[in-house]
Amino acid sequence: MDNQDILERIKALVEEEHGLREGSTRPGGAGAGGPDVLRLQQLEEQLDQCWDLLRQRRAKKDYGENPDEAEVRPVGEVEGYQS
(Lines give C-alpha, C1' and ligand atoms only; values in the text may rest on other atoms or scores of the structure.)
Protein backbone atom coordinates (compact mmCIF):
# COMPACT_ATOMS: atom_id res chain seq x y z
CA MET A 1 0.00 0.00 0.00
CA ASP A 2 1.55 3.30 -1.06
CA ASN A 3 0.77 6.85 0.08
CA GLN A 4 -1.84 7.36 -2.65
CA ASP A 5 -3.65 4.16 -1.63
CA ILE A 6 -3.70 5.34 1.98
CA LEU A 7 -5.03 8.76 1.00
CA GLU A 8 -7.78 7.12 -1.08
CA ARG A 9 -8.70 4.93 1.89
CA ILE A 10 -8.84 8.01 4.13
CA LYS A 11 -11.12 9.74 1.63
CA ALA A 12 -13.48 6.75 1.53
CA LEU A 13 -13.61 6.53 5.33
CA VAL A 14 -14.30 10.28 5.66
CA GLU A 15 -17.08 10.07 3.07
CA GLU A 16 -18.69 7.20 4.95
CA GLU A 17 -18.37 9.07 8.24
CA HIS A 18 -19.97 12.20 6.76
CA GLY A 19 -22.75 10.11 5.26
CA LEU A 20 -23.54 8.56 8.63
CA ARG A 21 -23.51 11.92 10.39
CA GLU A 22 -25.62 13.65 7.73
CA GLY A 23 -28.10 10.78 7.61
CA SER A 24 -28.76 11.18 11.31
CA THR A 25 -29.87 14.80 10.89
CA ARG A 26 -32.25 14.24 7.96
CA PRO A 27 -35.92 13.40 8.36
CA GLY A 28 -36.26 9.64 8.13
CA GLY A 29 -32.56 9.21 8.85
CA ALA A 30 -31.15 7.51 11.91
CA GLY A 31 -32.11 10.69 13.79
CA ALA A 32 -34.09 9.10 16.61
CA GLY A 33 -31.14 7.10 17.86
CA GLY A 34 -28.46 9.21 16.24
CA PRO A 35 -25.87 7.87 13.86
CA ASP A 36 -24.58 4.35 14.19
CA VAL A 37 -22.29 5.09 17.13
CA LEU A 38 -20.35 1.84 16.88
CA ARG A 39 -19.66 2.30 13.18
CA LEU A 40 -18.61 5.92 13.74
CA GLN A 41 -16.16 4.76 16.41
CA GLN A 42 -14.75 2.14 14.04
CA LEU A 43 -14.36 4.75 11.30
CA GLU A 44 -12.55 7.13 13.64
CA GLU A 45 -10.19 4.37 14.75
CA GLN A 46 -9.47 3.32 11.17
CA LEU A 47 -8.86 6.94 10.19
CA ASP A 48 -6.40 7.34 13.05
CA GLN A 49 -4.58 4.20 11.93
CA CYS A 50 -4.42 5.41 8.32
CA TRP A 51 -3.09 8.84 9.31
CA ASP A 52 -0.53 7.19 11.59
CA LEU A 53 0.61 4.86 8.79
CA LEU A 54 0.92 7.80 6.40
CA ARG A 55 3.00 9.74 8.95
CA GLN A 56 5.23 6.69 9.49
CA ARG A 57 5.78 6.29 5.75
CA ARG A 58 6.62 9.96 5.28
CA ALA A 59 9.03 9.93 8.24
CA LYS A 60 10.80 6.83 6.95
CA LYS A 61 11.17 8.41 3.52
CA ASP A 62 12.47 11.67 5.03
CA TYR A 63 15.14 9.74 6.94
CA GLY A 64 16.24 7.63 3.99
CA GLU A 65 14.49 4.47 5.14
CA ASN A 66 12.11 2.27 3.18
CA PRO A 67 8.53 3.58 3.62
CA ASP A 68 7.20 0.11 2.76
CA GLU A 69 8.52 -1.09 6.12
CA ALA A 70 5.91 1.04 7.95
CA GLU A 71 3.20 -1.05 9.56
CA VAL A 72 -0.33 -0.41 10.76
CA ARG A 73 -0.20 -0.08 14.54
CA PRO A 74 -2.91 -1.49 16.82
CA VAL A 75 -5.86 0.77 17.61
CA GLY A 76 -4.93 0.83 21.31
CA GLU A 77 -1.50 2.18 20.49
CA VAL A 78 -2.68 4.78 17.98
CA GLU A 79 -5.60 5.91 20.16
CA GLY A 80 -3.26 6.30 23.14
CA TYR A 81 -1.27 9.15 21.58
CA GLN A 82 -1.37 12.54 23.21
CA SER A 83 -1.94 15.60 21.03
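In this analysis, a residue is called buried at under 20% relative accessible area, exposed at over 50%, and partly exposed in between, with a 1.4 Å probe and protein chains only. The structure is a predicted model, in which local features need pLDDT of at least 70 and side-chain atom pairs count only at pLDDT 80 or more, whereas totals for chains, interfaces and linings use all residues. Residues are numbered from 1 along each chain as its sequence is written, and side-chain values use heavy atoms, with hydrogens and water left out.

The protein chain contains 3 helices and 0 strands, where helices (H or I, at least four residues) and strands (E, at least two) are DSSP runs numbered from the N terminus. The order of elements from the N terminus is α-α-α. Of the 83 residues in the protein chain, 23% are buried. The protein chain exposes about 5,900 Å², of which carbon and sulfur atoms supply 49%; accessible areas come from the Shrake-Rupley method with a 1.4 Å probe, and for residues only the protein chains shown count as cover. Among contacts (heavy atoms within 4.5 Å) with a separation of 6 or more, 53% join residues 24 or more positions apart.

Helix α1 comprises residues 3-23. The expected span of a helix is 1.5 Å times one less than its number of residues. For the 21 residues of α1 this gives 30 Å, in agreement with end C-alpha atoms that are 30 Å apart. At the start of α1, a side-chain oxygen of Asp-2 comes to within 3.2 Å of the backbone nitrogen of Gln-4. The buried residues of α1 are Ile-6, Ile-10, Leu-13, Glu-17 and Gly-23, and their cover includes α2.

Helix α2 covers residues 37-62. Its 26 residues should span 38 Å, which agrees with the 37 Å between its end C-alpha atoms. A side-chain oxygen of Asp-36 reaches to within 3.3 Å of the backbone nitrogen of Leu-38 at the start of α2, and the helix is followed by Gly-64, which has a positive phi near 75°. Buried positions in α2 include Leu-40, Leu-43, Leu-47, Cys-50, Leu-53 and Leu-54. The buried residues of this helix pack against α1 and α3. An α-helix has 3.6 residues a turn, so residues three or four places apart point the same way. Gln-56 also lies in α2 and counts as buried, at 14% relative accessibility. Apart from neighbours within four places in sequence, Gln-56 is in contact with Ala-70, Glu-71 and Arg-73.

The structure holds 7 salt bridges, each defined as a side-chain nitrogen of Lys or Arg within 4 Å of a carboxyl oxygen of Asp or Glu. One of them joins Asp-52 to Arg-73, with the closest N and O atoms 2.8 Å apart. This pair links distant parts of the chain, since Asp-52 belongs to α2 and Arg-73 to the loop between α2 and α3 (75-79), 21 residues apart. Asp-52 is buried, at 3% relative accessibility, whereas Arg-73 is partly exposed, at 26%. Arg-73 also meets Glu-77 in a salt bridge (3.8 Å, N to O), and Glu-77 is partly exposed, with a relative accessible area of 39%. A further salt bridge connects Glu-65 with Lys-60, the closest N and O atoms being 3.2 Å apart; Glu-65 is partly exposed, at 42% relative accessibility.

Conventions. Polar contact = N/O pair within 3.5 Å; in protein donor to acceptor, adjacent residues only side chain to side chain.
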